[in-house]
Amino acid sequence: MAFFLKAPPHVSWPSCPRQSCVLLPLRKSTLRLKLVGCTASSSSPREVGGVGNVGEGVGNVNSVVVPANVLVPSVSSQYTYTLNGLNSAANSDVVGVAVRAVQLAWAAACTLSNKSLDEWQGMQDDPARVQVRATQLREVATSLGPTFIKLAQFLANRPDVVRADYMDELMKLQDDVPPFSHDVAMQILKEDLNIKSLDEIFVPPFPTKPIAAASIGVVYRAMMHAPNDDSEPVEVAVKIQRPNLRSTILRDLWLFRYAAVRWLDGASRARLGCEASVVVDEFGRSLLRELDFNAEARSLAAFQANFEHDGEVVIPSLPFPQCNSPRVLIMSWVDGVRLTDVAAVRDAAIDVDQFISTGVRAGMTQLLEYGLFHGDPHPGNVFAMRDNGIAYIDFGNVSELSKEDQSALLDALIGCMNEDYVRLTKALQELGFLSDDEEVRQRVSDALRRVWIEVAGQGRFDAGALAEDFSFRKITDQFSKLMYDYPLRVPERFAIIIRTLLTQEGICMQLDPKFRFLNVAYPHVARMLLTDKLYTRRLADVLVKSPNAAADDDDDDVNAIAPGELDWARLWQLIGFARSGAGGGIFSLLPTMLKGAWAVFSDAWLLGRLVKAAALSAVNSVARGLRRILHGRGRRRGQQHDALTPAPA
């Protein structure tokens, strides 16, 4: 039979440049969100149930940093978070909002009464009681529906808001969500594809049960007819959004924000340095954008472009882009081993070490090279391929890092490497973790040094000598404690990065209990410092000892290098890590070294600084040699004097 694909009834909306959001206080219980800088078009943007099609909104990936020869499509979302939209949605369903408010108030009262009971009994820190309460909180979130499941997932990555023991429990909310009615799912699929029978597009029989269910939707595994009769059917994953999801989420967001502004902003400002309503806005923006499967399709296409020439990273394709809609997304099926089944990974004879290295490299590349990264790589969204590659699915939660954020993130890493906690604190300030207050920065700098020494077992950033129980989880646990003592908060984009790294570390430690994140990540960072033109100037920061670097225990020794000198030991360490990242062989390292040498000699500023540091190092080395000679002579004379001096009677 001939194959005719009917175009879905999509509506094309006018687009606007990125707008900025300004909060204007009107009354204690009301805030208005004013959109500034959105150029008017010939056709006014429409606002549907609180989601206005007014341009890119927050979370766009138009400014993704990619190689010049890779085209990144626009990913402007129809689903923009506006407070006027929330008010419209609430006013259109006053009774529903009131009923929901009573339901949420009862759940909150039960949760708070349990907390008060624990405090009255002095059991609030008892491990067994905490585990019970954390489990209860997860179950309450599940019973309250999609918004609260997503909120729990959101809070599971906010160490500035939630305790570490509760974070562990909330992170279990990944794929363990009941599906909705199959008949309703099929009705949505037919409506959005504009077909009367599934057999028009899909090879019968269409499955009657989804293979996965999450807070946003369900996924079916099916076969689709190819546009050409002569072509074989294509195996696809069909993702269908839950019904009435947008209206439910908008109603809950309105209640969240009302409660935040009316009761929580003052306490949140004192504890976090920002209003609770700002945290709600961050959550609302990311959640509404995740409802638009068209935006997810564009994010998926951007990932495909970034990893097009990477044979070890698999991104599903969009075989029938004309079939996608805001509620339906059809992707190619990825035939890999899901990481929720560690035994299956081992049974598939996958080289675990190579797979872990590939996964960490892919993650570091997303963060530091492309600036576009997968925000939810939990075990259900990551597959191990039988050729030791890695595959990603579910691109609903994708975030970007600007060039400024990438630069500050690398500054933070270099601050750790050089034990320069002043630089580390400044980088955290630039990233939005703390305010511009000199006294606060100094206190935080001292606290960060204590945390790093406690977690790593020493001050020195040497991945080969880290404490055996070192983990990124331990760092975040300690950082979470700092949140209660200092005015620190985690910006939304870095909350997602923290979740990404924690999840990646958890996956790797399941496969290899001896896994140390820095041991695997540092070689890839070293190669980027040596080969990527965006970062080669930072070689000077890594190889030249900073004047702000923390003092070593042996800094009074005659062998200690001075600020401004070239740290030769660090250079050999960097080359060693780069060699490890290149595969360990000298010939595999050669291209990296040639690129690094070219980057240094083609940059007059970098070459000049390294030559100056090397010259200072040579002069000081001679001086240190003379001091060692004099020090040795003085010590021998002292020993001779002690030998000739008679002991007291």
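Is W263 buried or exposed? W263 counts as exposed, at 59% relative accessibility; here buried means under 20% relative accessible area, exposed over 50% and partly exposed in between, with a 1.4 Å probe and protein chains only. The legends below describe a predicted model, in which local features need pLDDT of at least 70, side-chain atom pairs count only at pLDDT 80 or more, and totals for chains, interfaces and linings use all residues. Residues are numbered from 1 along each chain as its sequence is written, and side-chain values use heavy atoms, with hydrogens and water left out.

**View 1. The whole protein comprises 21 helices and 15 strands.** Helices (H or I, at least four residues) and strands (E, at least two) are DSSP runs, numbered from the N terminus. Of the 649 residues, 50% count as buried. A contact means heavy atoms within 4.5 Å; among contacts between residues at least 6 apart in sequence, 70% join residues at least 24 apart.

**View 2. A nonpolar surface patch of about 340 Å² is made by Y258, W263 and L264.** Patches consist of residues with over 30% relative accessible area and no salt bridge, like charges being joined within 9 Å and nonpolar side chains (Val, Leu, Ile, Met, Phe, Trp, Tyr) within 5 Å. Accessible areas come from the Shrake-Rupley method with a 1.4 Å probe, and for residues only the protein chains shown count as cover. W263 belongs to helix α7 (residues 245-272).

**View 3. Four strands form an open antiparallel sheet in the order β6-β7-β8-β10.** Two strands pair if DSSP finds at least two bridges between them. The edges are taken by β6 (212-213) and β10 (328-332), each with a single partner strand, so one side of each is left without a neighbour in the sheet. Five bridges link β10 to β8 (residues 234-241) in the antiparallel sense, and V238 has I330 in β10 as its bridge partner. Helix α6 (residues 182-193) packs on the sheet and touches β7 (217-224), β8 and β10; its direction makes about 105° with that of β8. Axes are lines fitted to C-alpha atoms, for helices over the stretch in contact, and angles run from 0 to 180 degrees between N-to-C directions. Helix α9 (residues 293-306) lies across β8 and β10, at about 25° to β10.

**View 4. A second open sheet of four strands has mixed pairing and the order β9-β14-β13-β11.** Its edge strands, β9 (313-314) and β11 (337-338), each pair on one side only. Strand β13 (residues 382-384) runs antiparallel to β11, joined by two bridges; A384 in β13 is the bridge partner of V337. Helix α11 (residues 352-370) packs on this sheet, touching β9, β13 and β14 (390-392), and its direction makes about 45° with that of β14.

**View 5. K239 and D394 form a salt bridge, with the closest N and O atoms 3.1 Å apart.** K239 lies in strand β8 and D394 in the loop between β14 and β15 (398-400), so the pair ties together parts that are 155 residues apart in sequence. K239 is buried at 10% relative accessibility, whereas D394 is partly exposed at 22%. A salt bridge is a side-chain nitrogen of Lys or Arg within 4 Å of a carboxyl oxygen of Asp or Glu.

**View 6. Helix α14 (residues 438-456) contains S445.** S445 is buried, with a relative accessible area of 6%. Not counting residues up to four places away in sequence, S445 touches Y421, V422 and T425.
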